[in-house]
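Me: Could we go through this structure together, one topic at a time? I would like to begin with a term that I keep meeting.

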Amino acid sequence: MAHSSVVSLRGVSKRYSEKVLSVDNIDMDIAPGEFISLLGPSGCGKTTTLRMIAGFEQPTAGQVLIDGQDLTAAPPYGRPVNTVFQDYALFPHLNVSDNVGFGLSLTKVPAAEARQRVVNMLELVGLADKARARVQQLSGGQQQRIAMARALVCQPRVLLLDEPLSALDAHLRQHMQVELKRLQSSLGTTFVMVTHDQTEALSISDRIAVMHKGRIEQIASPDALYDSPESAFVAGFIGASNLLDGQVLHSVDDQVTVGVGALHLVARSRGPLARGSAVTVSLRPEDLRLGVRADSQPQATGRVLQRLFHGRALRLQISLPGIDSLTLDVSREAAQGQALYPGDEITLSIQPGAACAFAVQPTL
Ligand SMILES: Nc1ncnc2c1ncn2[C@@H]1O[C@H](COP(=O)(O)OP(=O)(O)OP(=O)(O)O)[C@@H](O)[C@H]1O
Ligand SMILES: [Mg+2]
């Protein structure tokens with residue numbers, strides 16, 4: 001059978017103990033050359049999933065296929081996969097060049113070719129001049145690049161990265177995100193990266209698997225996750241969103257009118273919802289506008305509770321009849337010189353098509 005996926009997870013679960021189901025029946029297909037991120041809050045099963053692809057953990061159920069071959073039971077060294085660990089795990093007694101060449105020295109690659117590959121890889125990560133340096137003499141960002149070079153020199157089909165940039169300060173981290181993307185594009189290697197930083201995942205991934213309590217909530221491109229979240233969890237986790245309690249007033253196909261406080265909102269839904277049922281409505285702060293607009297949904301009048309200066313925009317917390325707090329981003333142009341301080345009254349309107357409604361799952 002022809003297979004277009006490099007990595008396929010089929011019904012993969014991991015249970016460490018009776019009580020802990022860390023990964024709960026996940027399916028995922030990763031295409032050649034894709035940059036995929038596993039994103040989710042602490043403890044949702046990201047590292048466990050990555051370790052099962054790497055072969056450091058055995059699934060309790062399900063299969064791990066690489067290039068269509070069932071490698072569920074194969075040890076890490078029996079898989080065309082390399083891992084970059086969170087702490088880099090460089091060898092302190094070896095210099096930079098020997099660190100990068102270590103994996104190759106365990107293979108049948110002839111010594112001359114191995115040396116050349118190390119030189120090429122150091123050039124690719126911009127550290128050719130550090131070949132003889134000791135790893136302790138390098139900065140955090142340089143050590144990170146060495147860890148990348150060491151994993152990539154073996155030319156794996158898939159590179160697995162667990163929070164590869166988490167040890168770096170914010171500025172260097174942003175710089176390394178660009179580097180990571182550049183490296184991945186130039187080599188065409190499939191990358192699977194674990195992160196809990198949504199900005200990082202959104203900026204460099206082709207697709208993101210959003211995980212929650214051991215399950216994949218949604219796997220999609222950054223744009224699709226941002227514009228069309230399929231659950232209230234994804235809407236709340238990706239970007240900033242107001243999540244409001246509401247009740248369905250009426251519903252036709254994938255459009256629903258919801259009562260939220262004193263507002264009647266038209267929202268998108270994933271199919272019809274029962275009249276009277278409880279929903280969570282997500283609304284992004286940038287989709288709320290100051291003032292009355294002809295093309296917008298019913299306007300509302302509220303009061304400013306708090307004002308935060310965010311450079312080009314002001315972030316306002318406001319209260320509306322029946323809604324305790326709503327976050328609204330106002331560009332400085334749109335504010336038009338209005339000070340917008342706590343206590344001020346404002347009128348706002350909602351961008352058509354911006355709200356999404358999700359059925360509230362009954363709690364068991
Ligand atoms: N070796 C282990 N033995 C028992 N439980 C474990 C083990 N490893 C992980 N777990 C549990 O499995 C769940 C998922 O852990 P995992 O490390 O995959 O989370 P994560 O999403 O990577 O979180 P973080 O962002 O904090 O790194 C957690 O509840 C964790 O306590
Ligand atoms: Mg982890």
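Me: What do buried, exposed and partly exposed mean here?
Reply: Buried means under 20% relative accessible area, exposed means over 50%, and partly exposed is in between. Please keep in mind that this is a predicted model.

Me: Where does D67 fall, then, buried, exposed or partly exposed?
Reply: D67 has a relative accessible area of 26%, so it is partly exposed.

Me: And which residue does D67 meet in a salt bridge?
Reply: Its partner is R157, and the N to O distance between the two side chains is 2.6 Å. The pair links distant parts of the chain, 90 residues apart. D67 sits in the loop between β4 (61–66) and β5 (69–70), while R157 sits in the loop between α4 (140–152) and β7 (158–162).

Me: What about R145, which residue does it form a salt bridge with?
Reply: R145 pairs with E179, and their closest N and O atoms are 4.0 Å apart.

Me: Which residue does K181 meet in a salt bridge?
Reply: The side chain of K181 meets that of D206, at 3.6 Å from N to O. K181 is in helix α5, and D206 is in the loop between α6 (198–204) and β9 (207–212), 25 residues apart. K181 counts as partly exposed at 24% relative accessibility, and D206 is partly exposed at 33%.

Me: Which residues are joined into one network by salt bridges?
Reply: K14, R51 and E57 are joined in this way, through salt bridges that share partners.

Me: Changing topic: which residues are around ligand 1?
Reply: They are Y16, S22, P41, S42, G43, C44, G45, K46, T47 and T48. By type, this shell divides into 3 nonpolar, 6 polar and 1 charged. Helix α1 (residues 46–54) gives the most to the shell, with 3 residues.

Me: What distances separate oxygen atoms of the ligand from S22, S42 and G43?
Reply: A side-chain N or O atom of S22 is 2.6 Å from an oxygen atom of ligand 1. For the side chain of S42, the corresponding distance is 2.5 Å. With G43, a backbone N or O atom lies 2.8 Å from a ligand oxygen. The protein covers 58% of the 640 Å² of accessible area that ligand 1 has on its own.

Me: Last topic, the sheet: in what order do its 4 strands come?
Reply: The order is β2-β1-β4-β5, in an open sheet with antiparallel pairing. The edge strands are β2 (21–30) and β5, each pairing on one side only.

Me: How many bridges join β1 to β2?
Reply: Strand β1 (residues 7–15) is joined to β2 by 6 bridges, and the two run antiparallel. Along this pair, V7 stands opposite I30 in β2.

Methods. Residues numbered from 1 in each chain as written. Chains lettered and ligands numbered in written order. Predicted model: local features only at pLDDT ≥ 70, side-chain atom pairs only at ≥ 80, totals over all residues. Heavy atoms only, no water. Near = heavy atom within 4 Å. Polar contact = N/O pair within 3.5 Å; in protein donor to acceptor, adjacent residues only side chain to side chain. Areas by Shrake-Rupley, 256 points an atom, 1.4 Å probe, with all protein chains shown as cover. Nonpolar A, V, L, I, M, F, W, Y, C, P; charged D, E, K, R; others polar. Buried < 20%, exposed > 50% of the residue type's maximum accessible area, 1.4 Å probe, protein only. Pairing = 2+ DSSP bridges.
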